[in-house]
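Hi everyone, thanks for coming.

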Amino acid sequence: MIERERSIGMISMSDVLVRERSFQSLPESERSTDTISVRDVLVREQSFQSLPEGTFQNVPPTYDRLDYKTKRSDSIHTCSTVSSATPLVGIKKSVRPNLKKISMVTFIVVSICTIIGLIVALAVCSNGKDKKDNNNCQNNGKTTASPLSMPEETTTQMTTSKADTDTTKITEPIEATSVESVDTSSSSVSTTTSSSTQGTWLTWGTWTECSSTCGNGIYTRYRECNRPDDKSTDCQGLYVQTEICIDTVCQEYGNWATWSSWDTCDATCEGGTQSRTRSCLKTDASDLDCIGDNTQQQQCAKWECPDCSKVCFEGDLSPTCEMCICNTTRQGVVMTTDNEAISNATVFVDSNPTTVIAYSEDFGSFSSEVVCDGASVQVEKPGYSSPVCQISSARITCTIVKNEKPIFIEHPQPKARLVGENVTLCCSAEGIPDIKYYEWMKGSLLVDDSFYPDGNMLHLTGLTTSDSGVYRCRANSDAGGMMSEEASIIIKGTESDFCDDALGQRLIHLPDDCVQPESMTASIETGFCNRQLCRQSTSSTSNECREESQNCCTVADFELNTVYCSGYNLSVLSVKSCGCGHCNFNAVRIVGTVLNYSTNEYVRFGQVHVNGVFSTYTSSRGSFKVSVNEGYGSAVITIISNNQHTTHVIDVSEGTTGTIYTNMYIVPETCSVQINAGEDNIVDIGNCRNGINTANTIAEIHIPANSFIDDSFNVFNGIVNVSVTFLNATDISDLDIMPGLLLSVNDDGEKVPITSFGAFRLWFYDSLTLLSLKLGKNVNIYHKETDLEQSLSLFGLQEASGIWHEISDETPVELNEPDLKSWINIGQYVNTAKECFFNVRIYEDPYLLSEVTVSKYQLFMQTIHIRGSNSYKTYGHTFSPSRTCFRTICDDNLGFIEVWISNFEKESAEYLMPANPMGNVSVGLSSSKQQNVEYSVVKGDPHLSLKFIISSDGPFFESLYTCLSSTKTNNHFKFYFPDNVEDVFTLRHFFDLSTQNISAIQVVNQRVWYPKRQEGYRVCFVKVRFEHQTVENITVRVISYGGTNKDTSNEILGIRQTDQSSFITNCLEYKCSGTINEEFSEDDFDDTKITVEYLSSGTSKCTVQSFSQELIDKFADLNPPNVGENTFTFYAPTSYSPSLGIYSASTSSDDIESARSSAKRECRSGIPMDFSSDNPDTGTAVVFSCA
């Protein structure tokens, strides 16, 4: 073929380069970052020219679905006018397509047509042939063009006058153009759909109520697409706009400073008071006074005064009349509940704690010559709580408990109310010592304590919209304060106000051969309702702490649309409006696998603790399952195995449902050092890794001679093995598995980020017997000196909360045995003055065509900031990435962003991949912005590397509201799922309706993937095996059709597929047969029809070798013979067993993931009730032979 005939769209590449230079001359603001450039086209052209001859061939448009093969001819893809009935590519009957090649070619053509349309439109606009042409080229002062022919009415003016909406907004331009402004002979693109008309936008509606009563808030407006008939296609562009609204300037209140220390008690005995104060800090003289008191008082010196008339039954009364003195020497020991010796504790007479009778020394021992039998003493040590110790023998044992900051066992629950109603919020915490009092905050302001006389219960009556906001409670004890999770109170005037801004845009992925003419991608807009709390006026409210039943915004109105594909149609449910309906909140299930970090082997029979309480053991395969209530705040999972500990924090805040899968890693010792217990020793931390010495010492531990004791408190004098487990904070792999969250708690109880120079744990044992040893003396830790402006601190991990609490900011730090039992981190508090926000958009495919606006998986995000020799993290999570902005720190330094999901299909955590500029796709950032932030991606690595720099146009914004109101035209980040999505098409997994329309409910229930039945929700799998004579990749696809139900017969309800090669067995999900809705009438029953087929990338042909005759006999009158066919079809029964090759599980809640896991595990084993083995040849429904 000559070069001229290889040209794309009959335009040579040299012509394209000329147009590219014209395109590049445009201002950068007018070049969409979401549009592929001509340079990208050149890369694809190189691949295109390498295609074999005979790849394409034009044939008539009538053909069987997916029964064709693409073939090339000299008449290739062009942008010239073609009948809308003509297929996208040439189709030849009775052979199979290479869908990946079709998708790529489609993408190339669409990209080139887009550029050509832009160039032609620019040429027409610049020539200015008539006034009408110029008007059509202008949109709010910006030139926009589209290569697709659209009716003139679709051109929308994007500046709205104040008279129209009572405000002025500048919004994102919508790509639209008049027919006359583009040469249609070179812009029409053939598609696989039937002939249709483009819909036109109606006028924008009014803005919703501002989300804030003062300052910055968010409001939304919508517009509808007017489609003349059912065959009309959707309008292109946004139908939802979100902007910042500014009502009035908020009146600023002062903020309280930290409480001062308690002053001296005003009495020495029989009760007195002591006080402490705090100051109200104001940034401006006009600020209002802080809410609450600036003084606190507490009782002190509550013991009795000395009584000189007291009669001693043993010994003599002391000269000060404080105690009875006996001339008997008594030995004592101070220890913890784990028999750990505590030195430097002060021992008092209980009757007068101002009189010191002894100090505990090494090994916790003390002696006294003045205490009589029957007397009592009290022990005090900073950071510990002590009961009174009774003396009943010559030896005194006093047990003290290490203080722990409060841990919340109940967080306040978000609630929705109507104006005039009442609401109660509750919280509850526990700690050592006990909680002294609670405080409630609205935002950062203290609520007057008259609204919470019960302390942990906040009562608000006669609500107004100004009471809307975010509330938290703070639990306070002598160990410090801790803030609860946030809970929003949403207050609206009417029921309809709650969901008027809940409608959002949602693009779903379609099969590759369902390219839509309006977008030229295999995707379609369906909309969704954001799951936000609402209030139904007909439902009752209670003043109890937690409401077992709440309402959320769900679908109020929808359309059932038809999507035209290559020889078949799909039905799609499109949301039109949202209303208030019931929503379920259930227990959250956490399924984990625990592995050895070095060997990746299963950690068997390890202890599993949830929020500090033992729950279960890991199995022989290292797995565990625990359940926590939704709204728990955080589930803190700690694994203990062979003296090694690891802690993982999982967010289970409001809205978290289903099952969360996670992997945890036990880190074995990284270095072992032998020391002589009878000598002074220094142990370096960080300089040894897997037995190899390094130059990375971050701390030294100085251990005095004769410091070790056994369980009987005998001094040990032999050789001690010191086991060191160290995690390097500058190693991303180590940082990813560092226990807990890199967060601490400040004096106000707020969680704040901390850096880490490294974390470590120590374990001491006898080198001969391998029995554990304990420290009887205090040791000193000297951390590495640095030139940092801020001093370093030691932080200890509180395993019950996953939070690091500061031990000391001095060096050396004197520590005892209990301090060294937990993980220790050397770090600093992070300066949060440079807080910033960013948005991440998620896509189903590496070409970034199909955006995920609402994810069926919970998405977890963390940023990693590495600063020289230390690092820190920030965290976030969401189900709605397009509506979420994450908080982090912008300090102009390099760091990483990573996103992962809890993938219930793979039963593990799975990292998403950042968009790669080398992959010829738009990464969401302009070229100049990529250079500015040093955007860098390594293929196959989930870490996005860049600098965290605040900018007015993103990707890092200074304020949350600026970030939330940003659009795709602003700089943002893109991540995508790395593998082919098994869920190729599903009409809807769930479809909650707020309507009472029976016919509408029936339409949905007939087509939804998981209809609610009497038994709950049911999940089904079919086991399929392919045996290949040669190794070749094929795609296995399972299609679920409406079966025996007359309303949905032969209608595609869902498609699942997976790629495989060689001898592979797959378990693929299909839509279960059964009743359709809760009425359980016989007419509302459907036996689903299932077809298993394959798509080959090569020359392989597969035929049915064997199948379950028992399965076919279930519907002998309906099922085809199947023998020797290249597809396998059966009607699915409602009985399930390995002999049928189909497997199922159900759940009474909406925890679909757990049911999926059970059914899929049994499918893999092929043995009834066996959920652990893997038997690919057992219990199959069909076996294909491929050659």
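Accessible areas here come from the Shrake-Rupley method with a 1.4 Å probe, and for residues only the protein chains shown count as cover. On that basis the protein chain has an accessible surface of about 50,900 Å², and carbon and sulfur atoms hold 47% of it.

A word on the source: this is a predicted model, where local features need pLDDT of at least 70, side-chain atom pairs count only at pLDDT 80 or more, and totals for chains, interfaces and linings use all residues. Residues are numbered from 1 along each chain as its sequence is written, and side-chain values use heavy atoms, leaving out hydrogens and water.

How much of the chain is buried? Of its 1187 residues, 54% are buried, meaning under 20% relative accessible area (1.4 Å probe, protein chains only).

Next, the secondary structure. The chain has 13 helices and 85 strands; these are DSSP runs numbered from the N terminus, with helices (H or I) of at least four residues and strands (E) of at least two.

Four strands form an open sheet in the order S18-S15-S22-S20, with mixed pairing; two strands pair if DSSP finds at least two bridges between them. At the edges sit S18 (365-368) and S20 (384-385), each pairing on one side only. Strand S15 (residues 330-336) and strand S22 (residues 395-402) run parallel, joined by six bridges. For example, Gly 332 has Ile 396 in S22 as its bridge partner.

How values were computed
Buried < 20%, exposed > 50% of the residue type's maximum accessible area, 1.4 Å probe, protein only.
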